[in-house]
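This report describes selected features of one protein chain.

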Amino acid sequence: ARRRDRAPTVASRLLQRMQAAAPEPVWRQMLERGARLLDLARRLDAPRAADDPARLAPIARPAPRPPVILRPTALSVTRIETLRRDPYALYAERILDLAPLDPFEADEEARELGEGLHAIVARFARDADVIAAADRAALLDRIARDVFADRLREAAFRTRDWPRIERILARFLAWDEARRADVETLAVETHGALDLTLGDGASFRLSAVADRIERQRERVVVVDFKTGEPPGPSDVRAGLFPQLTLEAAMAARAAFGASFAGVPVVAAYVELKPDGKEKPAQGATCKRAFADLAQEHFDGCVALLTAYRDAATAYPPPAKIARHAPYAHLARIREWSLGEADETGEGE
């Protein structure tokens with residue numbers, strides 16, 4: 001390359017040695033052959049005039065329309081989110097049955113930490129009611145040491161990660177103790193399913209695994225634990241992250257058991273961080289009833305699933321796909337986006 005990032009470059013050492021070793025006529029012939037190949041490549045990439053009969057029309061955005069019989073008849077609430085945000089990803093995953101490979105040399109520590117923290121708070125919730133309040137901190141510590149037993153043998157984990165985990169769990173314990181007196185029934189990592197009847201009469205099963213559901217005196221609280229950043233309230237209200245609103249709608253319809261039905265339902269994200277907070281799913285300043293929002297998203301979910309019962313409804317990729325979307329390359333974005341910059345940061 002003669003330039004890199006708009007800065008001039010010098011020839012590589014290999015080329016310099018080749019030029020020094022080859023006789024001048026041989027080197028000149030090599031350059032001429034290379035120039036011919038470069039000219040062919042440039043001509044292939046050169047845009048053609050609009051009236052050129054050899055001009056190829058740009059490829060359109062993919063819009064697969066599989067037969068209705070191949071379309072899913074059951075989805076989890078997290079896959080409803082995928083269907084709303086990136087239908088093509090759901091098409092690739094559930095209809096083409098394609099699973100992305102794990103990234104090469106992927107960093108598993110963040111995922112392992114998140115899964116471990118979820119396992120700890122779930123086990124603690126199941127066991128904490130049968131012991132005295134003064135012993136719960138010791139119980140939480142024992143569970144954490146059991147979950148991370150293998151990692152605690154590593155000096156780096158003990159010195160770098162374990163102190164942070166202890167601070168996270170101390171924060172969680174304070175949060176749990178503050179609300180335990182109000183909780184009448186508690187379920188953790190609980191599976192729920194709701195059978196829907198769509199607009200064409202077809203049956204569809206909506207499922208979810210709720211991190212934590214509390215039946216308090218006058219309400220039910222659906223909790224989702226987050227080790228990362230929870231969605232913003234405006235995105236939740238817009239329906240871009242419908243997990244908690246759909247879980248709330250399912251709870252109101254006894255999908256998680258009769259003990260969680262019949263009273264108002266609210267939802268919140270709880271951060272598993274050293275300075276983690278509880279954040280209402282719709283935002284603390286929203287004056288709209290959460291039940292109305294949950295009902296709206298539930299109705300929208302049924303309408304969306306009904307639309308995909310029509311063979312004419314396609315599964316297109318979104319106009320902008322996130323950098324690490326697992327099926328972005330299959331959607332052939334670079335062909336139909338005409339090189340425009342998008343969220344992949346790979347525009348021409």
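The structure contains one cavity of 30 Å³ or more. On a 1 Å grid over the protein atoms alone, a cavity is a set of points where a 1.4 Å probe fits but cannot get out; lining residues have an atom within 4 Å of a point. Grid points are joined across faces, edges and corners, and the volume is the space filled by probe spheres set on the points.

The model is predicted: local features need pLDDT of at least 70 and side-chain atom pairs count only at pLDDT 80 or more, while totals for chains, interfaces and linings use all residues. Residues are numbered from 1 along each chain as its sequence is written, and side-chain values use heavy atoms, with hydrogens and water left out.

Helices (H or I, at least four residues) and strands (E, at least two) are DSSP runs, numbered from the N terminus. Burial is expressed by relative accessible area: under 20% is buried, over 50% exposed, and anything in between partly exposed (1.4 Å probe, protein chains only). Strand 7 (residues 265-271) has six of its seven residues buried, so the rest of the structure largely encloses this strand.

Two strands pair if DSSP finds at least two bridges between them. Strand 6 (residues 220-226) runs parallel to strand 7 and is joined to it by seven bridges; in this pairing Phe225 stands opposite Val270 of strand 7. Strand 8 (residues 278-280) pairs with strand 7 in the antiparallel sense, over three bridges. Ala268 has Pro280 of strand 8 as its bridge partner.

## Salt bridges

A salt bridge is a side-chain nitrogen of Lys or Arg within 4 Å of a carboxyl oxygen of Asp or Glu. The whole structure holds 25 of them.

| Salt bridge | N to O distance |
|---|---|
| Arg123 and Asp146 | 2.9 Å |
| Arg212 and Asp176 | 3.0 Å |
| Glu271 and Lys273 | 3.6 Å |

Arg123 and Asp146 form a salt bridge. This pair links distant parts of the chain, with Arg123 in helix 5 and Asp146 in helix 6 (residues 136-147), 23 residues apart. Both ends are partly exposed: Arg123 has a relative accessibility of 32%, and Asp146 one of 45%.

Arg212 forms a salt bridge with Asp176. Since Arg212 belongs to strand 5 (residues 203-216) and Asp176 to helix 7 (residues 155-180), the pair ties together parts that are 36 residues apart in sequence. Arg212 and Asp176 are both buried. They also belong to a salt-bridge network that includes Asp129, Arg179, Arg180, Glu214 and Glu278.

In the pair of Glu271 and Lys273, Glu271 is buried at 8% relative accessibility, and Lys273 is buried at 15%.

Which charged residue is buried yet has no salt bridge? The residue is Glu247, whose nearest side chain of opposite charge, Lys226, is 9.2 Å away. Here Lys and Arg count as positive and Asp and Glu as negative, while His and the chain ends are not counted. Glu247 lies in helix 9 (residues 243-252). Contact means heavy atoms within 4.5 Å. Leaving aside neighbours within four places in sequence, Glu247 is in contact with Val77, Ala208, Val209, Ala210, Val222 and Phe256.

Cys301 is part of helix 10 (residues 290-307) and is buried, with a relative accessible area of 3%. Residues up to four places away in sequence not being counted, Cys301 touches Ile80 and Leu246. Cys301 and Pro242 are 59 residues apart in sequence, and their C-alpha atoms are 9.0 Å apart in space.

## Positive phi in loops

Asp97, although not a glycine, has a positive phi of about 60°. Asp97 is located in the loop between helix 4 (87-95) and helix 5 (109-127), and is exposed at 65% relative accessibility. Ala254 likewise is a residue other than glycine with a positive phi, near 65°. Ala254 occurs in the loop between helix 9 and strand 7 and is partly exposed, with a relative accessible area of 36%.

Key. 1 Å grid on protein atoms, 1.4 Å probe; cavity = no way out; pocket = protein on both sides within 12 Å on 5 of 7 lines; lining within 4 Å.
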